[in-house]
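Dear colleague,

I am handing over the structure we spoke about, and below it you will find an account of what was found. Please read the text with the structure open beside you.

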Amino acid sequence: MTREYYPRDRQLQPPDLTPAYKTTIERSPKHHLISMPHSLSETTGPVFGPSDVETGDNNLLTNYARPGESPVGERIILHGRVLDQNTRPVSGTLVEIWQANASGRYRHRNDTYFAAEDPNFGGCGRTLTDDDGHYQFHTVKPGAYPWPNGPNSWRPAHIHFSVFGTAFLQRLVTQCYFEGDPLIPLCPIVQAIPDSDAINRLTARLDLDRTIPFDSIAYRFDIVLRGEQSTLFENRLEGD
Amino acid sequence: MPQSRAPLNETASQTAGPYLHIGLQPSTAGFAMHQTELGQQICAPDTNGTHIRVEGIITDGTGAPVTDALFEVWQANASGHYAHPLGSGPVEPGFCGWARVSADFQTGEWGFDTIKPGPTSGPNQSKQAPHLNIWIVARGINIGLNTRMYFADESAANAQDPVLSLIPEDARRATLIAKKTLQNDRPLYRFDIRLQGENETVFFDI
């Protein structure tokens, strides 16, 4: 019995070719994607556990900082839950993030933006979700930065997310934006998503309940991975 | 009958961007972050099966190398089992079946060492020919691209493979079949990926 997942709803996903984001013009396949029935190749995927993650990996304020120092910028808690499409928590799954520092500069050998590097900020974190699918990072809010797309293009402040789930077909990379950022409607990468509700769901919301008073402001960002379909098999309901 | 609608919508994908290494492979970005970086080894030196190397180049529609691409490979062991609780059987210690591979910043060439997987079970009691599952992200890729690499020296199994048979054109099917040579007595499979244009690699909606 092969487990079947809901087909990906491509109406809620950015198409491969979105010409306003110019790099997609040369990098998008011209042929259509071939649909396939799911097999173990798609319904299994790498498994991670506590030994793959080190204590403090989810604290970007400390995981690269020199002793006694901390990165510059607005201190934030970014947290949320990873659910599947059936609203079940995805527990024990690996969540990785990466981001620019508070001035919009990445710690990457290919980033040539002249904004200041921060010697106390690596910009990379990872964690496993708990039994309830919850994750949390402590970091600084990244800065907006210019990029070579149009003559004056700016990325809204964002944090990149990588999430696994339990099946290779659930693999997801996305970006989390911040409520109220005026650059969101102007960004061709964001606007590659054809559905405004789907864009809204990529926007982290201020979460006053999770702030740490006199320390850090909090934002909430929930993630939904593909879920298994319930199927009737030999007159039994399976997978539900 | 399968349900047609799920209660929740999947989160939308966004490009991993050119600096994806920071989060996924920081040593490639240029700094030391973790004691052990994830995805460095698919298997151990003593893993059962034929040890092989896989290499290729990734290019765009103009033929230019895609120098910021990152791949994830997911494969079965030599017995056709995936390292997963539902992976059809046990795997040996040291075999995880998953790795991350970055394209070279100048040339777009990539490569990794692994073992040749066995045939795996497919849909409806079918058997799938040995293959690697590959997921590709990069700047300019809005949503990760999924493809498969098959082996040229498995022509009988490939002819019966339920996924290859979904591709009607011989020439397109051929884009998924890696050519075999030998390198220091070890099999070397060449698998070039072309995102667009002539000999465009087949990608799947999985």
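Helices and strands are here DSSP runs, a helix being H or I over at least four residues and a strand being E over at least two, numbered from the N terminus. Counted in this way, chain A has three helices and 14 strands, whereas chain B has four helices and twelve strands. Please keep in mind throughout that this is a predicted model.

**Overall build of the two chains**

Chain A has 240 residues, for which a compact globule would have a radius of gyration near 18 Å, and the value of 19 Å found for chain A agrees with that. Its C-alpha trace extends over about 60 × 40 × 30 Å along the principal axes. Of the 240 residues in chain A, 46% are buried, and among the contacts in chain A with a separation of 6 or more, 71% are made by residues 24 or more positions apart.

For chain B, with 206 residues, the compact globule would have a radius of gyration near 17 Å, and chain B, at 17 Å, agrees with this. The box filled by the C-alpha atoms of chain B, taken along the principal axes, is roughly 45 × 45 × 40 Å. Buried residues account for 49% of the 206 residues in chain B, and 69% of the contacts in chain B with a separation of 6 or more come from residues 24 or more positions apart.

**Strand 9 of chain A and its partners**

Strand 9 of chain A covers residues 172–178, and since seven of its seven residues are buried, the strand is largely enclosed by the rest of the structure. In a regular strand, the side chains alternate between the two faces of the sheet. In strand 9 of chain A, A:Leu172, A:Thr174, A:Cys176 and A:Phe178 point one way, while A:Val173, A:Gln175 and A:Tyr177 point the other way, and all are buried.

Strand 9 of chain A is paired with strand 8 of chain A (residues 158–163) in the antiparallel sense, over six bridges, and in this pairing A:Ile159 stands opposite A:Cys176. Strand 9 of chain A is also joined by two bridges to strand 10 of chain A (residues 203–206), and these two strands run parallel. In strand 10, A:Thr203 is the bridge partner of A:Tyr177, and A:Ala204 is that of A:Phe178. Strand 10 of chain A is in turn joined by two bridges to strand 11 of chain A (residues 217–220), this time antiparallel, with A:Arg205 opposite A:Arg220 in strand 11.

**Where the two chains meet**

The contact between the chains takes 75 residues from chain A and 69 residues from chain B. On the side of chain B that touches chain A, at least two residues each are supplied by helix 1 (21–24), helix 2 (26–29), strand 5 (120–121), strand 7 (131–137) and strand 12 (204–205) of chain B. Helix 1 of chain B gives the most to this side, with four residues. By type, the residues on this side of chain B divide into 38 nonpolar, 26 polar and five charged.

In strand 12 of chain B, B:Asp205 is the bridge partner of A:Ser35.

The largest nonpolar core has 107 residues, of which B:Phe71, B:Val73 and B:Ile136 touch the most other members. Leaving aside neighbours within four places in sequence, B:Val73 is in contact with B:Ile42, B:Trp98, B:Ala99, B:Val101, B:Phe112, B:Leu132 and B:Ile134.

B:Glu154 lies in the loop between strand 8 (145–151) and helix 3 (155–160) of chain B. Is B:Glu154 buried or partly exposed? B:Glu154 has 18 other C-beta atoms within 10 Å, and because a residue counts as buried at 20 or more and as exposed at 12 or fewer, B:Glu154 is partly exposed. Beyond its neighbours within four places in sequence, B:Glu154 is in contact with B:Ala129 and B:Pro130. The C-alpha atoms of B:Glu154 and B:Ala174, which are 20 residues apart along the chain, are separated by 13 Å.

With best regards

Methods. Residues are numbered from 1 along each chain as its sequence is written. Chains are lettered from A and ligands numbered from 1 in the order in which they are written. This is a predicted model: local features need pLDDT of at least 70, side-chain atom pairs count only at pLDDT 80 or more; totals for chains, interfaces and linings use all residues. The radius of gyration is taken over C-alpha atoms; the globule rule is 2.2 Å times the number of residues to the power 0.38. Two residues are in contact if their C-beta atoms, placed from the backbone, lie within 7 Å. A nonpolar core is a set of buried Ala, Val, Leu, Ile, Met, Phe, Trp, Tyr and Cys residues joined through C-beta atoms within 7 Å. Ala, Val, Leu, Ile, Met, Phe, Trp, Tyr, Cys and Pro count as nonpolar, Asp, Glu, Lys and Arg as charged, and the others, Gly among them, as polar. Two strands pair if DSSP finds at least two bridges between them.
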